Amino acid sequence: MSNNTIIEVKNVNKSFGKKDNVTKVLNDASFSVERGEFVSLMGASGSGKSTLLYLIGGLDREFEGSISLAGEEINRMKEKKLSKFRLDKIGFVFQFYNLVQNLNVEDNILLPLTVKGKKKSELKKELDEILRLTGLTEKRKAMPSQLSGGQQQRVAIARAILGNPEIILADEATGNLDSVSGTEIMELFKKLNDEKGITILQVTHSEKCASYSSRIVKIENGHIA
Ligand SMILES: Nc1ncnc2c1ncn2[C@@H]1O[C@H](COP(=O)(O)OP(=O)(O)O)[C@@H](O)[C@H]1O
Ligand SMILES: [Mg+2]
């Protein structure tokens, strides 16, 4: 592992179920991502992509093998430390935007940090910058129901990057979008990668989306090809 490795997955095995009903989903999976890379994880449906992303993000801790983020093994961290680590270092983006319907754009973006106890006034400058980056300045007071799918996904991305994470983990972020909005999201990822140096690991089915990344990692039946 080099000093610049930000994600390291080593010999990871993961199964679901018990006893005579066990599904082995990840099979000795190993790969790593260097700081500043934009990597696409691709593979057939059911090959284990989402499972792997959840493990990397510390959302599921039940697995064998080791996963390190920025040199720290997440499987050795206490739950409390892992939660903080996750909040500080990782931004998640999912296929469904998971916005709170009765909060406007800026309150949705601020939600994770206000929950963490920060005041809205402290975050004003950062919020303005993120609204600019994601092209949402004009929509800051809009409600989610007034936005297109692509705009809602940009709100979800803005929310994911507000805490200045080092890594974005995205699971089929464009899976629910038409191709024009999908392209917008990929251009935004590219910009965040280029301008803010955020490392991005995205799961995608689309060759077109993958073409925005700097490298493709393929997974087949739970094993990195
Ligand atoms: N919570 C779960 N319980 C049981 N099986 C699961 C669970 N989550 C995923 N699986 C199984 O693991 C396999 C891989 O799923 P997933 O990681 O979602 O694949 P992908 O994202 O590549 O489509 C699938 O066969 C799926 O049915
Ligand atoms: Mg999936």
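Me: Which residue stands opposite Lys24 in S2?

Reply: Ser15 stands opposite Lys24 in S2. Strands of a sheet pair through backbone hydrogen bonds, parallel or antiparallel. The labels are DSSP runs, numbered from the N terminus: H or I of at least four residues for helices, E of at least two for strands. This is a predicted model, in which local features need pLDDT of at least 70 and side-chain atom pairs count only at pLDDT 80 or more, while totals for chains, interfaces and linings use all residues. Residues are numbered from 1 along each chain as its sequence is written, and chains are lettered from A and ligands numbered from 1 in the order in which they are written.

Me: How many bridges join S1 and S2?

Reply: Strand S1 (residues 5–16) pairs with S2 over eight bridges, in the antiparallel sense. Two strands count as paired if DSSP finds at least two bridges between them. Val12 has Ala29 of S2 as its bridge partner. The two strands make a hairpin with six residues between them. In that turn, Gly17 has a positive phi of about 90 degrees.

Me: What is the strand order in the sheet that holds S1 and S2?

Reply: The order is S2-S1-S4-S5, an open sheet of four strands with antiparallel pairing. S2 and strand S5 (72–73) are the edges; each has a single partner strand, so one side of each lacks a neighbour in the sheet. Helix H1 lies across S1, S2 and strand S4 (64–69). H1 runs at about 120 degrees to S1. Axes here are lines fitted to C-alpha atoms, for helices over the stretch in contact, and angles run from 0 to 180 degrees between N-to-C directions.

Me: Which residues surround ligand 1?

Reply: The shell includes Phe16, Gly17, Thr23 and Val25, and also Lys49, Ser50 and Thr51. A residue is near the ligand if its C-beta atom, placed from the backbone, lies within 6 Å of it. Strand S2 (23–34) and helix H1 (49–56) are the elements giving two or more residues to this shell. H1 gives the most, with three. By class, the shell holds two nonpolar, nine polar and one charged residue. Gly counts as polar in that tally.

Me: Where are the edges of the six-stranded sheet?

Reply: The open sheet runs S6-S7-S8-S3-S9-S10, with mixed pairing. Strand S6 (90–93) and strand S10 (223–224) stand at its edges, each with a single partner strand, so one side of each is left without a neighbour in the sheet. S6 pairs with strand S7 (residues 167–171) in the parallel sense over four bridges. Gly91 has Ile168 of S7 as its bridge partner. Helix H5 lies across S6 and S7, at about 165 degrees to S6.

Me: Which residues of helix H3 are buried?

Reply: An α-helix has 3.6 residues a turn, so residues three or four places apart point the same way. In H3 (residues 105–115), the buried residues are Val105, Glu106, Asn108, Ile109 and Leu110. Buried means 20 or more other C-beta atoms within 10 Å of the residue's own, with C-beta atoms placed from the backbone. These residues pack against helix H4 (124–133) and helix H5 (149–161). Contact means C-beta atoms, placed from the backbone, within 7 Å. Just after H3, Gly117 takes a positive phi of about 105 degrees.

Me: How many helices and strands are there in the protein chain?

Reply: The protein chain has seven helices and ten strands. Buried residues make up 37% of its 225 residues.

Terms used: Buried ≥ 20, exposed ≤ 12 C-beta atoms within 10 Å, placed from the backbone. Contact = placed C-beta atoms within 7 Å.
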